[in-house]
Amino acid sequence: MKIFITGISTDVGKTISAAIVVEALEADYWKPVQAGDLDNSDSHKVKSLLSCHTERSRSTKSQFYPNAYKLNTPASPHLAAEIDGITINLEEIKEPVTDNHLVIEGAGGIFVPLNESDTIIDLIQPDYKIIVVSRHYLGSINHTLLTIEAIRNRGFEVAGIIFSGSENKSTESLILNKTGIKCIGRIEEEPYFDQNVIREYADLFRENLLSL
């Protein structure tokens, strides 16, 4: 499978979700565009959280593919690229070739601009299974439904949703009933995330992920 992970906004739990999915499937990982925090990038964070990358007893180790663009400024990719004196070109973003599952993490939400004409949603390919990460906050229902509708309007379907944060039964039920999308699981407000916590969530989510 090729799984594209996007969120309803920034800082909603995409990277933690990506780590869980990679761990559950012993998948490979690729973040096409990284803006800022290059010494502790999302690739670094995911790799540090994986047991399947560090345990020699596993038959498969996750591979981490280099960013197509590594931008210095923590900002919208189009602005970060402008500050670096470059323009992001979609033709330069080449999907890695692998026989393994591949988890692709977006940047921010689906309409985060990459340049003057392209946004994150333009990275999505027809064979990608899209997972939307939704975090509970005032306005998150609207942001979640808008994200899903925008993806569908492009001719894609959302394979599943991961809820992030403390449980809100009313919000989760409404979103799932309105969209008919499968819930892969919910990530609690954990005091910290380490390899053990990620492994526990991977075990919980694995069955739903394998049935996407």
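Leaving aside neighbours within four places in sequence, T147 is in contact (heavy atoms within 4.5 Å) with G7, I8, I110 and V132. T147 belongs to helix α4, where helices (H or I, at least four residues) and strands (E, at least two) are DSSP runs numbered from the N terminus. With a relative accessibility of 7%, T147 counts as buried; the classes used here are buried for under 20% relative accessible area, exposed for over 50%, and partly exposed in between, computed with a 1.4 Å probe on protein chains only. The model is a predicted one, in which local features need pLDDT of at least 70 and side-chain atom pairs count only at pLDDT 80 or more, while totals for chains, interfaces and linings use all residues. Residues are numbered from 1 along each chain as its sequence is written, and side-chain values use heavy atoms, with hydrogens and water left out.

Helix α4 also has a helical partner. Two packed helices are described by the angle between their axes and the distance between the axes. Here axes are lines fitted to C-alpha atoms, for helices over the stretch in contact, and angles run from 0 to 180 degrees between N-to-C directions. The axes of α4 (residues 140-153) and α5 (residues 169-179) come within 10 Å and cross at roughly 20°. This makes α4 roughly parallel to α5, given that angles under 35 degrees count as roughly parallel, over 145 as roughly antiparallel, 65 to 115 as roughly perpendicular and the rest as oblique. The crossing of α4 and α5 is right-handed; a crossing is right-handed if the near helix is turned clockwise from the far one by less than a right angle, and left-handed if anticlockwise. On the α4 side the contact is made by S140, I141, T144, L145, I148 and R152, and on the α5 side by T171, L174, I175, K178 and T179. By class, these residues are five nonpolar, four polar and two charged, with Ala, Val, Leu, Ile, Met, Phe, Trp, Tyr, Cys and Pro counted as nonpolar, Asp, Glu, Lys and Arg as charged, and the others, Gly among them, as polar.

Next comes the sheet. Seven strands form an open sheet in the order β4-β2-β6-β1-β7-β8-β9, with parallel pairing; two strands pair if DSSP finds at least two bridges between them. At the edges stand β4 (64-65) and β9 (183-187), each with a single partner strand, so one side of each is left without a neighbour in the sheet. Strand β8 (residues 158-164) pairs with β9 in the parallel sense over four bridges, and I161 stands opposite C183 in β9.

Helix α1 (residues 14-25) lies across β1 (2-7), β2 (28-30), β6 (102-105), β7 (128-135), β8 and β9, and runs at about 160° to β1. Helix α1 packs with α2 (residues 42-49) too, at an angle of about 45° and with the axes 9 Å apart, which makes α1 oblique to α2. This crossing of α1 and α2 is right-handed. In α1, T15, I16 and A19 meet D42, K45, V46 and L49 of α2, a contact of four nonpolar, one polar and two charged residues.

Some loop residues complete the picture. E26, in the loop between α1 and β2, is buried with a relative accessible area of 19%. The C-alpha atoms of E26 and V103 are separated by 9.9 Å, although the two residues are 77 residues apart along the chain. D11, in the loop between β1 and α1, has a positive phi near 55° without being a glycine and is exposed at 70% relative accessibility. D37, in the loop between β3 (33-35) and α2, is not a glycine either and has a positive phi of about 55°; at 43% relative accessibility, D37 counts as partly exposed.
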